[in-house]
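Hi,

Here is the structure I promised to pass on. Have a look at it first, and then read my notes below.

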Amino acid sequence: MASPNLELIRALRFTAERLAGDTTYQWGHMGMCNCGHLARAITGLTPAEIHASALERDGDWEQQAKDYCPTSGRMIDHVLAAMFSLGLHREDVKNLEKLADGDVIHRLGRYPKRNRRDDVVDYMRTWADILEEKITVDVLLVC
């Protein structure tokens, strides 16, 4: 799971709140899907910019993360680099797109459906809660 930090937790919570509102959600659009919305929060890019960058090579977010190359010069790799710099790992990108992280699913007590906005919101909020708890535990262990 991602490295817990406040900036990532804020991005997850911001994204969940935006998705809970009236923003456009479209699972098949790279800039308006689960990962696309989080990438927007992290990078400040528009859905169109993220979608266009993802079309520079084949594949969904899982494949893009697998093919990530920090020296490619491609915009999608700059987007992924920003996501990774916040503590995400390749596996987190895959799990976010498919709503498949075992810890999050366990906490939710159900399997979320990937093309349901409410399930994405619940998943991101729960993931943020888990990361926040890990920070709290780490702080307590240090003290």
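**Helix 3 and what it packs against**

Let's start with helix 3 (residues 47-54), whose buried residues are Pro47, Ile50, Ser53 and Ala54. If you look down the axis of helix 3, those buried residues fall within an arc of 135°, so they line one face of the helix. What do they pack against? The buried residues of helix 3 pack against helix 2, helix 4 and helix 5. One thing to keep in mind throughout is that this is a predicted model.

Two packed helices are described by the angle between their axes and the distance between the axes, and I've given both below.

Take helix 5 as a partner: helix 2 and helix 5 pack with their axes 10 Å apart, at an angle of about 80°. That angle makes helix 2 roughly perpendicular to helix 5. On the helix 2 side you'll find Cys35, Ala39, Ile42 and Thr43, and they meet Val79, Ala82 and Met83 in helix 5. Sorted by class, this contact of helix 2 with helix 5 has six nonpolar residues, one polar and no charged ones.

Now for helix 6. Helix 2 (residues 34-43) and helix 6 (residues 90-98) have their axes 7 Å apart and pack at an angle of about 120°. Helix 2 and helix 6 are therefore oblique to each other. Helix 2 brings Asn34, Cys35 and Leu38 to the contact, while helix 6 brings Val93, Leu96 and Glu97. Here the residues of the contact of helix 2 with helix 6 divide into four nonpolar, one polar and one charged.

**Aromatic pairs**

How many aromatic pairs does the structure hold? There are two. A pair of aromatic rings is described by the distance of the centres and the angle of the planes.

Tyr68 and Phe84 make an edge-to-face pair, 4.9 Å centre to centre and with 85° between the planes. Tyr68 sits in the loop between helix 4 (61-66) and helix 5 (75-85), and Phe84 sits in helix 5, so the pair ties together parts that are 16 residues apart in sequence. Are Tyr68 and Phe84 buried or exposed? Both Tyr68 and Phe84 are buried.

Tyr123 and Trp127 also form an edge-to-face pair, at 6.2 Å centre to centre and 65° between the planes. They are four residues apart in helix 8 (residues 117-142), so about one helical turn separates Tyr123 from Trp127. Tyr123 is buried, with a relative accessible area of 1%, and Trp127 is buried with a relative accessible area of 2%.

Glu132 lies in helix 8, and at 35% relative accessibility it counts as partly exposed. Leaving aside its neighbours within four places in sequence, Glu132 is in contact with Ile9 and Arg13.

Then there's Gly28, which is in the loop between helix 1 (6-20) and helix 2. Gly28 is exposed, with a relative accessible area of 70%. Gly28 and Asn115 are 87 residues apart in sequence, but 8.7 Å apart in space, C-alpha to C-alpha.

Happy browsing!

Conventions:
Residues numbered from 1 in each chain as written. Predicted model: local features only at pLDDT ≥ 70, side-chain atom pairs only at ≥ 80, totals over all residues. Heavy atoms only, no water. Axes fitted to C-alpha atoms, helices over the stretch in contact; angles between N-to-C directions. Helix = DSSP H or I, 4+ residues; strand = E, 2+ residues; numbered from the N terminus. Parallel < 35°, antiparallel > 145°, perpendicular 65-115°, else oblique. Contact = heavy atoms within 4.5 Å. Nonpolar A, V, L, I, M, F, W, Y, C, P; charged D, E, K, R; others polar. Phe/Tyr/Trp six-rings, centres within 6.5 Å; stacked < 30°, edge-to-face > 60°. Buried < 20%, exposed > 50% of the residue type's maximum accessible area, 1.4 Å probe, protein only. Arc of directions from axis to C-beta.
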